[in-house]
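Please keep the structure open while I talk.

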Amino acid sequence: MPRVLRSGQRCEVWAASVTTGSRELLFASDDLLLEAPNWTPDDSALILNGAGALWRLDMSSRSLEEVPLTGVPDLNNDHVLAPDGEQIYLSANDGHIYRADIRGGAAVRITAPDGFSHFLHGVSPDGRELACVGVETDDVTKPGRLLTMPAGGGPSAVMDTGPGHCDGPEYSPDGDWIYLNTETFSSLPGHAQIARVRRDGSGLERLVHSGTVDWFPHISPDGLRASYLRFPAGTLGHPADLPVELVTVSLDDWNTPRRTWTLFGGQGTLNVNSWSPDSTRLAYVAYPAG
């Protein structure tokens with residue numbers, strides 16, 4: 001079932017400047033819970049999910065319109081635009097990945113039944129490959145695995161990132177690395193840390209050493225900065241409705257935050273890459289209550 005707002009809760013879509021630290025409220029709703037903003041390459045809109053559907057928030061008028069899709073079940077908050085900005089890849093609640101035109105229309109399923117539920121996070125810069133998390137359908141308690149697959153459909157390859165649960169795999173702008181969060185580096189339950197692995201599966205490297213639970217690394221289009229979401233220590237998974245921090249760092253120094261914003265959110269706030277095309281702003285969603 002798609003997430004809904006609690007009584008007295010509000011959904012707020014924000015844009016934060018990584019140069020000045022200022023924030024701008026773009027849209028708010030007391031009725032519709034929106035999640036996971038993608039910025040379109042032409043800077044004209046944000047693409048979000050909500051109520052199982054896909055939505056377009058126009059950056060000029062601040063108006064919200066549903067993207068009319070057919071042939072796809074309810075969507076979750078794992079969706080990524082293709083490099084050309086014309087197509088979008090979507091994860092649905094049936095565990096499959098679909099491709100659709102960004103303007104709407106019929107969606108095409110590109111994953112086959114392979115024993116995994118697929119949660120998409122990355123499209124390679126050349127548009128040829130997808131990176132997603134695979135959770136075994138017969139045993140959802142097992143850690144999620146890093147999968148890669150052809151963007152046009154085909155068999156998935158399982159990459160070895162150690163025994164811990166991983167999530168949020170996303171390609172670097174040059175296509176050489178896949179960034180992700182993983183619990184492999186800690187024996188503490190749920191202690192996710194930011195890491196990267198080469199596209200061929202070699203060279204797994206821990207990037208953040210912290211006492212918090214860190215999820216969803218996103219690299220800016222210019223390859224100079226990164227963002228991620230910091231949950232309180234001891235958090236299991238990436239739940240909703242917690243005090244969390246949106247952190248930005250320089251790509252050459254992950255352990256020194258450059259900007260940090262505190263908000264009430266978590267699940268849905270920053271699941272996908274939400275950098276603006278010029279790498280100066282980040283879009284995110286907060287869910288204040290009361």
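**Overall picture**

Of the contacts in the protein chain with a separation of 6 or more, 43% are between residues 24 or more positions apart, where contact means heavy atoms within 4.5 Å. Before I go further, please note that this is a predicted model, in which local features need pLDDT of at least 70 and side-chain atom pairs count only at pLDDT 80 or more, whereas totals for chains, interfaces and linings use all residues. Residues are numbered from 1 along each chain as its sequence is written, and side-chain values use heavy atoms, with hydrogens and water left out.

The protein chain has zero helices and 25 strands; helices (H or I, at least four residues) and strands (E, at least two) are DSSP runs, numbered from the N terminus. The radius of gyration, taken over C-alpha atoms, is compared with a globule rule of 2.2 Å times the number of residues to the power 0.38. With 290 residues, a compact globule would have a value near 19 Å, and the 17 Å of the protein chain agrees with that. Along the principal axes, the C-alpha atoms fill a box of roughly 45 × 45 × 35 Å. Of the 290 residues, 54% count as buried, where buried means under 20% relative accessible area, exposed over 50%, and partly exposed in between (1.4 Å probe, protein chains only).

Now to the strands, and to strand 1 in particular. Where does strand 1 (residues 11-17) sit, enclosed or open? Seven of its seven residues are buried, so strand 1 is largely enclosed by the rest of the structure. Cys 11, Val 13, Ala 15 and Ser 17 point one way, while Glu 12, Trp 14 and Ala 16 point the other way, and all are buried. Strand 1 runs antiparallel to strand 2 (residues 23-29), joined by six bridges, and two strands are said to pair if DSSP finds at least two bridges between them. Within that pair, Ala 16 stands opposite Arg 23, and the two strands form a hairpin with five residues between them, where Gly 21 in the turn has a positive phi of about 85°. Strand 1 is also joined by six bridges to strand 25 (residues 281-286), again antiparallel, with Ala 15 opposite Ala 283.

Strand 5 (residues 53-58) is mostly covered, as five of its six residues are buried. Strand 5 pairs with strand 4 (residues 45-50) in the antiparallel sense over six bridges, in a hairpin with two residues between the strands and a positive phi of about 55° at Ala 51 in the turn. Strand 5 also pairs in the antiparallel sense with strand 6 (residues 64-67), over four bridges, and there the bridge partner of Arg 56 is Glu 65.

An open sheet of four strands has the order 17-18-19-20, with antiparallel pairing. Strand 17 (166-171) and strand 20 (205-206) stand at the edges with a single partner strand each, so one side of each is left without a neighbour in the sheet.

Finally, a loop residue: Thr 137 lies between strand 14 (129-136) and strand 15 (145-150), and Thr 137 counts as partly exposed because its relative accessibility is 42%. Thr 137 and Phe 116 are 21 residues apart in sequence, yet 5.3 Å apart in space, C-alpha to C-alpha.
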